[in-house]
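I opened this model today to look up a strand and a ligand site. Here are my notes, entry by entry.

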Amino acid sequence: MSPEQQILEYDRRHVWHPYAPTVGADPMLAVTAANGVRLQLHDGERHHEVIDAMASWWCQIHGYRNPVLDEALNRQRSQFSHVMFGGLTHKAAVDAVTALVELAPLDRVFLGDSGSVGVEVSLKLARQVQIARTAARGGTLTRTRIAALRGAYHGDTLGAMSVCDPIGGMHAMFSDSVPQQIFLPRPPAFAAEATEVEAWCHEADEVLDDHRDDLAGIIVEPILQGAGGMWPWSPSCLKHLRRRADELDLVLIADEVATGFGRTGKLFACEWADVVPDIMVVGKSMTGGYLTQSAVLCSDELASEVSRGPGGSLMHGPTFMGNPLASAVTAASLAIISQGQWNDDVTRIAEVMSRELASLRNEPGVIDVRVFGAIAAVQVDTPINMRRATRTAVENGVWLRPFRDLVYAMPPYICTNDDLEAMAAGMRAVVIDQLDAAQDKINHRKES
Ligand SMILES: *Cc1c(COP(=O)(O)O)cnc(C)c1O
């Protein structure tokens, strides 16, 4: 057996993969190298070079083996890789927080170790805000629940799951242990007409008013729902939620784990609506996709309110909080972001992908082609066959990971126009092949 075959064989027998069974799993590909926007893959028989249209689940914005990020990581590694964050601090964490505070509209930062953990912390923080406010008023605590949007995705841990779409998410299997939250309808599309927006606001208001005494806060993925369906939604609806949160004394949480750091064409997606949330969660691309780290931001005022409340401390503190390697690479990644090139890159990615995917709009079976910032999604009228889609994509020199009825790209910002054209060609090939296969199946059924 070749070394690649050995890896794949051992993996098949012993390793779990995300959202995958161990029995009847789709074949794996081994990554043997990664550089710039390209992955070198091996299927056990053959080597394949592919452009990574997924940016490793939306994280690798500056590319693999980026010299600036490599250097930051090496420098930190030569000092120390990890120390506990309880009672101790270090330059790497302070540099990361400095960079965050300079970019974001909020100035108190909790460093978490993944997006899901960031969301958990934001939910606890919202709850603690209400505990502090209730104590200050001298009342009895009723405000414990969170309002979320239909179609949302906020992560995989139990608290985060509780605010994911209850149908698309995994609630049903865990309904005995997931907190029961309140759901608002999915907001209308980014460019929705005023009448649609008004209708949505009306529906949302009914839910919020019904639950005004038991809600602690509202959580949204601002302007773009990601894993729930790549859905860009109306900034007017976000403005409305900000207004209602103020009126009802609710904490507005913006989960910018997917949208933060330029992905939608604004540094933070909340800027599309000129909204400043009370709490913001960032992650994914924060480290340039090098290591796992997230951050929860709020105003220092809000943090003080909690700190003076009955609980005092914010009740969270992961073992690897403020990890120096992750913090050093966050600081370096955000330094690249603050130079501003992302803005031109995201505009360029949107232009090229819109142009290159336009022909799919007329394809029977294609429901929608949505390009929003550096996110390009093609929705089809049939569930995607993953095994087949992966094979077609890799044969076309592209790494894609479709889900449900969506073939999409979230490219690294450093993709050249040639890379983007190749990526779009790969997406077109996958879409056409999936639609042909679905049609063959229908024809076959008719014949027999
Ligand atoms: C990916 C994602 C998360 C979860 O982040 P993990 O690092 O996978 O835990 C949370 N919220 C949003 C919007 C995401 O896209």
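The entries below go from the ground rules to the strand and then to the ligand.

**Ground rules.** I am working with a predicted model, where local features need pLDDT of at least 70 and side-chain atom pairs count only at pLDDT 80 or more, while totals for chains, interfaces and linings use all residues. Residues are numbered from 1 along each chain as its sequence is written, and side-chain values use heavy atoms, with hydrogens and water left out.

**Strand β10.** Buried means under 20% relative accessible area (1.4 Å probe, protein chains only). I then checked each face: Val251, Ile253 and Asp255 are buried on one side, and Leu252 and Ala254 on the other.

**Its neighbours.** Strands pair if DSSP finds at least two bridges between them. I found β10 parallel to β7 (residues 215–220), with 4 bridges, and parallel to β11 (residues 279–282), with 3 bridges. Ile253 of β10 stands opposite Ile219, and its bridge partner in β11 is Ile279.

**Ligand.** I listed the residues around the ligand (a heavy atom within 4 Å); among them are Trp58, Tyr153, His154, Glu221 and Asp255. Next I looked up polar contacts, pairs of N or O atoms within 3.5 Å. A polar side-chain atom of Asp255 lies 2.7 Å from a ligand nitrogen. A ligand oxygen is 2.6 Å from a side-chain N or O atom of Lys284, and a ligand oxygen is 2.9 Å from a polar backbone atom of Gly115. The protein covers 83% of the 380 Å² of accessible area (Shrake-Rupley, 1.4 Å probe) that the ligand has on its own.

Definitions and conventions:
Buried < 20%, exposed > 50% of the residue type's maximum accessible area, 1.4 Å probe, protein only. Helix = DSSP H or I, 4+ residues; strand = E, 2+ residues; numbered from the N terminus. Polar contact = N/O pair within 3.5 Å; in protein donor to acceptor, adjacent residues only side chain to side chain.
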